[in-house]
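User: I am new to this structure and would like to learn how to read it. Could we take it one feature at a time?

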Amino acid sequence: MTTLRLTLPDGTVREVPAGTLPREVVASIGPRLLRDAVAVDVGGAVQDLVTPLRAGGSFRVLTAADPRSLDVLRHSGAHILATAVRRLRPDARIGFGPPIEDGFYYDFGVAEPFTTEDLAAFEQEMRRVVAERYPFVRSEVTRDEALRLFADDPLKLERIADLGADEVISTYTDGPFTDLCRGPHVPDTSYLKHFKLLHTAGAYWRGDERRQMLQRIYATAWWKAEDLDAYLHRLEEAKRRDHRALGAQLDLFSTDPRVGPGLILWHPRGAVIRSEIENFERDLILRRGYELVYTPHIYNEKLFEISGHLENFRENMFSSMDVEGTAYRPKPMNCPGHIAIYQSRGRSYRDLPLRFAEFGTLYRYERSGVLHGLLRVRGFTQDDAHIFCTPEQVSEEIGRLLDLVDEVLGVFGYEYSIELSTRPAKAFGSPETWNAAERMLADVLVARGREYTIDAGGGAFYGPKLDFKLVDAIGRKWQGPTVQLDYVLPERFELTYTGADNVPHRPIMLHRVLLGSMERFIGGLIEHYAGAFPLWLAPEQVRVLPLTDEVASAARSVADRLREAGVRVHLDARSETLNYRVRDGALMKVPYLAVVGPREARDGTVAVTLRGAGEKQRPIPIPVDAFTRALRREIETRALTLRAGAPTTGVADAAAD
RNA sequence: GCCGACGUAGCUCAAUUGGCAGAGCAGCUGAUUUGUAAUCAGCAGGUUGCGAGUUCGAUUCUCGCCGUCGGCUCCA
């Protein structure tokens with residue numbers, strides 16, 4: 001019998017025979033530890049306490065304090081859910097039940113979909129299973145035994161058929177329920193204390209839409225009651241920030257079935273935000289060596305044949321339209337147009353790098369079921385650019401892009417992480433080229449000390465890419481900038497430039513977006529800011545409120561002066577009470593409310609209330625000139641927080657001017 | 001596209017077993033002149049998403065279509 005060496009965190013080494021259960025090892029360390037143990041980490045892999053040890057290495061006990069133990073708990077939660085469902089609906093056939101971020105789900109094959117009432121009943125039953133405290137019992141079985149055991153569960157039989165010949169087939173049993181499962185699991189069902197079933201949804205068996213649709217139940221589970229509460233609170237917070245609701249409340253955008261689903265109508269207030277962002281970015285990239293171009297909304301379909309889009313992207317393209325016998329397509333990407341500009345004349349190495357930028361409006365067909373507010377649409381405007389450069393220039397260009405990304409994202413207050421996506425299954429170009437390109441991207445990141453993770457197989461069909469994932473104000477991740485390296489399109493379009501050696505060379509293309517789609521980015525931004533935009537983006541920056549009709553003309557002249565200074569200002573002289581108008585301004589999330597009463601009219605001041613100042617904050621009297629200057633500065637610096645009315649900055653700074 | 005839920009005034013929601021479609025807010029008119037989160041009164045507002053069907057009678061039941069929401073899949 002083989003002996004395994006286990007190295008404990010304190011450096012001591014245990015020698016145990018292969019096949020020993022981790023539970024025995026943990027027990028030998030201490031009974032108290034055994035009580036707290038959820039699973040173990042052996043050589044970096046998480047396994048449960050009842051799976052025989054087959055290899056040695058580092059050995060660490062995982063308690064509820066280790067984040068990895070949550071997945072174990074949730075996985076067991078899925079089994080407990082299945083246990084409950086099987087008790088109440090014995091006809092339900094079982095699919096998969098994995099842990100996911102923040103929870104778990106389980107897929108069932110049932111004749112009748114589950115209802116909300118079913119869900120409540122299942123949760124009740126789960127609590128019973130938990131109270132019954134069934135241990136999770138692991139058995140290793142032969143293939144034949146497994147086939148017999150799950151004879152009534154065709155989904156499981158299919159899974160068994162897919163298992164490799166040398167794989168250990170194991171089952172886990174908790175009380176009345178046995179599932180084909182690799183583990184790991186918590187010791188018994190009583191570990192699942194803080195959970196909640198969330199909702200049901202249809203899900204295709206193994207994610208394949210040609211296969212049967214199963215009924216999926218989503219749930220969340222945590223070690224501590226306060227974690228569960230915090231999670232549920234986070235869901236509410238996300239709901240409060242929902243850009244679709246805020247978009248309607250703040251009158252930013254809408255869709256209209258008469259126009260078409262997934263096609264966004266930007267209202268004046270939303271258009272302000274968008275145009276401010278576009279202006280900001282346009283100014284920035286012009287100073288970074290980009291040149292603006294414009295290309296049509298439809299291209300001759302031939303271009304997409306050459307580019308490979310028809311081959312690789314067809315299912316996302318709108319169908320073609322016939323124009324005097326020639327097929328045209330709404331463009332799903334700008335690249336062919338930018339390439340055509342590149343090819344409009346001969347290019348020399350002296351011209352490179354060329355950086356063509358376009359806020360290009362694209363149309364992509366998305367199936368009706370996936371459309372979602374601003375985040376998933378059929379028509380959107382991309383802040384696109386294509387950089388044409390020599391192979392020697394690529395690293396430098398990537399480096400410049402990293403700087404640009406920093407600069408842009410910082411303005412919006414986003415943190416981000418970087419992902420390097422490598423060659424996908426469906427890819428053009430040789431593996432050697434791909435490897436070199438991937439290595440080059442990694443080298444630039446390393447050289448700049450950037451941390452990144454690898455998304456294997458996540459690249460575009462024409463080249464590897466860097467994805468920047470934004471982290472918003474409540475910790476959610478969003479798709480951010482992407483940079484894609486492309487050796488393929490220059491080849492397919494036969495792009496060339498004349499080198500110093502006076503012979504043609506092939507340039508390399510970089511595709512990059514900073515914000516992605518304006519629609520999606522602003523959708524995310526609405527949620528990031530919860531609708532309370534920083535001053536430079538706020539659709540309405542200041543609302544001037546005359547206290548009475550007597551001071552209406554004084555208020556009007558304040559508003560005029562602000563408007564003259566380039567501030568987006570509204571005058572609210574409705575014959576409503578001040579309370580009413582203050583509330584209205586607050587609900588519209590106007591950054592500054594400037595009240596003009598007899599005192600202010602006499603002194604040439606305004607009484608300023610900052611958005612979100614709360615009840616304790618008293619309005620601050622500020623001279624109109626000083627207020628105007630403070631606003632200007634805040635707008636120009638694109639400050640993330642409101643300062644122009646704050647007593648220590650607004651007034652003092654303004655006085656110092 | 002598929003599974004499920006939903007669709008009533010601009011918004012948020014009501015409407016007993018199928019029996020004349022209602023409220024608050026927003027809007028309009030008038031009064032009120034207000035000092036930091038809703039002043040009062042009146043008026044107007046609807047082909048109950050669209051189209052069929054069942055019925056003496058449909059917001060309510062059935063079918064089809066459109067749209068929205070939660071997912072599946074995919075991505076900007």
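User: Are R512 and E281 buried or exposed?

Analyst: This is a predicted model, so the answer rests on computed values. A residue counts as buried when its relative accessible area is under 20%. Both R512 and E281 are buried. The two also form a salt bridge, with their closest N and O atoms 3.9 Å apart. R512 belongs to strand 28 (residues 508-517) and E281 to helix 9 (residues 268-286), so the pair links distant parts of the chain, 231 residues apart.

User: How should I read the chain as a whole, and how many helices and strands does chain A have?

Analyst: Start with the elements, then look at extent and burial. Chain A has 21 helices and 33 strands. Its C-alpha atoms fill a box of roughly 90 × 75 × 55 Å along the principal axes. Of the 657 residues in chain A, 50% are buried.

User: How many salt bridges does the structure hold?

Analyst: A salt bridge here pairs a side-chain nitrogen of Lys or Arg with a carboxyl oxygen of Asp or Glu, within 4 Å. The structure holds 52 of them. One joins the side chains of E158 and R211, at 2.7 Å from N to O. This pair, too, links distant parts of the chain: E158 lies in helix 6 (residues 154-162), while R211 lies in the loop between strand 12 (194-204) and strand 13 (213-222), 53 residues apart. Another salt bridge joins the side chains of R345 and D351, at 3.7 Å from N to O.

User: Why does E158 count as partly exposed?

Analyst: E158 counts as partly exposed because its relative accessibility is 24%. R211, its salt-bridge partner, is also partly exposed, with a relative accessible area of 33%. D351 is partly exposed as well, at 25% relative accessibility.

User: Next, the RNA. How many residues surround RNA strand B, and which are the closest?

Analyst: Begin with the count, then ask what kinds of residues and atoms are involved. RNA strand B is surrounded by 53 residues, the closest being Y204, M213, R376, D549 and E600. Of the atoms of RNA strand B that come within 4 Å of the protein, 46% belong to sugar and phosphate.

User: Which element gives the largest share of the surface near RNA strand B?

Analyst: Helix 18 does, with seven residues.

User: Which residues form a nonpolar patch on the surface?

Analyst: L286, L292 and Y294 do, with about 330 Å² of accessible area together. Y294 sits in the loop between strand 16 (291-292) and strand 17 (298-300). Its relative accessible area is 70%, so Y294 is exposed.

Note on methods
Residues are numbered from 1 along each chain as its sequence is written. Chains are lettered from A and ligands numbered from 1 in the order in which they are written. This is a predicted model: local features need pLDDT of at least 70, side-chain atom pairs count only at pLDDT 80 or more; totals for chains, interfaces and linings use all residues. Side-chain values use heavy atoms; hydrogens and water are left out. Helices (H or I, at least four residues) and strands (E, at least two) are DSSP runs, numbered from the N terminus. Buried means under 20% relative accessible area, exposed over 50%, partly exposed in between (1.4 Å probe, protein chains only). A residue is near a molecule or strand if one of its heavy atoms lies within 4 Å of it. Patches are made of residues with over 30% relative accessible area and no salt bridge: like charges are joined within 9 Å, nonpolar side chains (Val, Leu, Ile, Met, Phe, Trp, Tyr) within 5 Å. Accessible areas come from the Shrake-Rupley method with a 1.4 Å probe; for residues, only the protein chains shown count as cover.
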